[in-house]
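Please look over the sequence and the model shown below. A short report follows, element by element.

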Amino acid sequence: MQPPIDGSTRKTFAAAAFFLVLCVLGLAILRDSRLAWQGMKMPGDPGPFFLIRLCLWATGIAGAGLLVLGVLTRRPAPQPTGEMVAAARSWILSGLLVLSLLAMPWLMQAIGTPQAVALFAAPWILLLGTISRGWHPRLLIPAAGFGLASAVFVHLVFIRLLALPLPN
């Protein structure tokens, strides 16, 4: 029997852990939200959080199913070094993306939204350009340009234009 995710037991366990953690965290957050809305139930209404709870339980069941499938599948043969390096690179990039997305709200409050967007976009464009084409100092120009253009776009659209009062 092959593991369901890319034939890899580790990826199957990682997906199972992600789904289970998402379910537990979501249910904990939902519990706090439900306490804030206590007493607002209409007759015959299962509550505004019913669909959310249902989706979180489905996510938890999917995670438990992947965990069981990961346990029941055979262990993969050792991978060649090149594939291990590629797998490590993809996991590192995914981790860096998650860390940078977690830092975004703090950066928005600390230095401002457009500056945080530029600080997020420019290094990622530089990193992705370096991965696809190799390092060259000329990559700094499009990365800085993309970061600046992203900041200008966010400032114009989300801060200036959406703040304009609309006519009645």
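## A serine in helix 5

Is Ser150 buried or exposed? Ser150 is buried, because its relative accessible area is 14%. Here, buried means under 20% relative accessible area, exposed means over 50%, and partly exposed lies in between (1.4 Å probe, protein chains only). This is a predicted model, in which local features need pLDDT of at least 70 and side-chain atom pairs count only at pLDDT 80 or more, while totals for chains, interfaces and linings use all residues. Residues are numbered from 1 along each chain as its sequence is written, and side-chain values use heavy atoms, with hydrogens and water left out.

Ser150 sits in helix 5 (residues 140-160). Leaving aside neighbours within four places in sequence, Ser150 is in contact with Val117 and Ala121. Contact means heavy atoms within 4.5 Å. Ser150 and Gln115 are 35 residues apart along the chain, and their C-alpha atoms are separated by 9.4 Å.

## The whole chain

The protein chain has five helices and zero strands. From the N terminus on, the order is α-α-α-α-α. Helices (H or I, at least four residues) and strands (E, at least two) are DSSP runs, numbered from the N terminus.

The protein chain has 168 residues, and buried residues make up 20% of them. Now take the contacts with a separation of 6 or more: residues 24 or more positions apart account for 65% of them.

## Helix 2

Helix 2 covers residues 50-72, which is 23 residues. From first C-alpha to last it reaches 33 Å, close to the 33 Å expected at 1.5 Å a residue. The expected span is 1.5 Å times one less than the number of residues.

Which residues of helix 2 are buried? They are Leu56, Gly60, Gly63, Leu66 and Gly70. An α-helix has 3.6 residues a turn, so residues three or four places apart point the same way.

## Helix 3 and its kink

Helix 3 has 31 residues, so at 1.5 Å a residue it should span 45 Å. Its end C-alpha atoms are 42 Å apart, which agrees. A kink of about 35° lies at Met104, shortly before the proline Pro105. The bend at a residue is the angle between axes fitted to the seven residues ending there and the seven starting there. Just after helix 3, Gly112 takes a positive phi of about 105°.

The buried residues of helix 3 are Ser100, Met104 and Leu107. They pack against helix 4 (113-133). Ser100 counts as buried because its relative accessible area is 16%. What does the side chain of Ser100 make a polar contact with? The partner is the side chain of Trp124, at 3.2 Å. A polar contact is a pair of N or O atoms within 3.5 Å; within protein, one must be able to donate a hydrogen and the other to accept it, and residues adjacent in sequence count only if both atoms are side-chain atoms. Not counting residues up to four places away in sequence, Ser100 touches Phe120 and Trp124.

## The nonpolar core

The largest nonpolar core has five residues: Met104, Leu107, Ala116, Val117 and Val154. Helix 3 and helix 4 are the elements that give two or more residues to this core. A nonpolar core is a set of buried Ala, Val, Leu, Ile, Met, Phe, Trp, Tyr and Cys residues joined through side-chain atoms within 4.5 Å.

Met104 touches Ala116, Val117 and Phe120, not counting residues up to four places away in sequence.

At 1.5 Å a residue, the 21 residues of helix 5 should span 30 Å. The end C-alpha atoms of helix 5 are 28 Å apart, which agrees. Ala143, Gly147, Ser150, Ala151 and Val154 are buried in helix 5. Their cover includes helix 4.

Pro137 is found in the loop between helix 4 and helix 5. Pro137 counts as partly exposed because its relative accessibility is 48%. Pro137 and Leu126 are 11 residues apart along the chain, with their C-alpha atoms separated by 9.8 Å.
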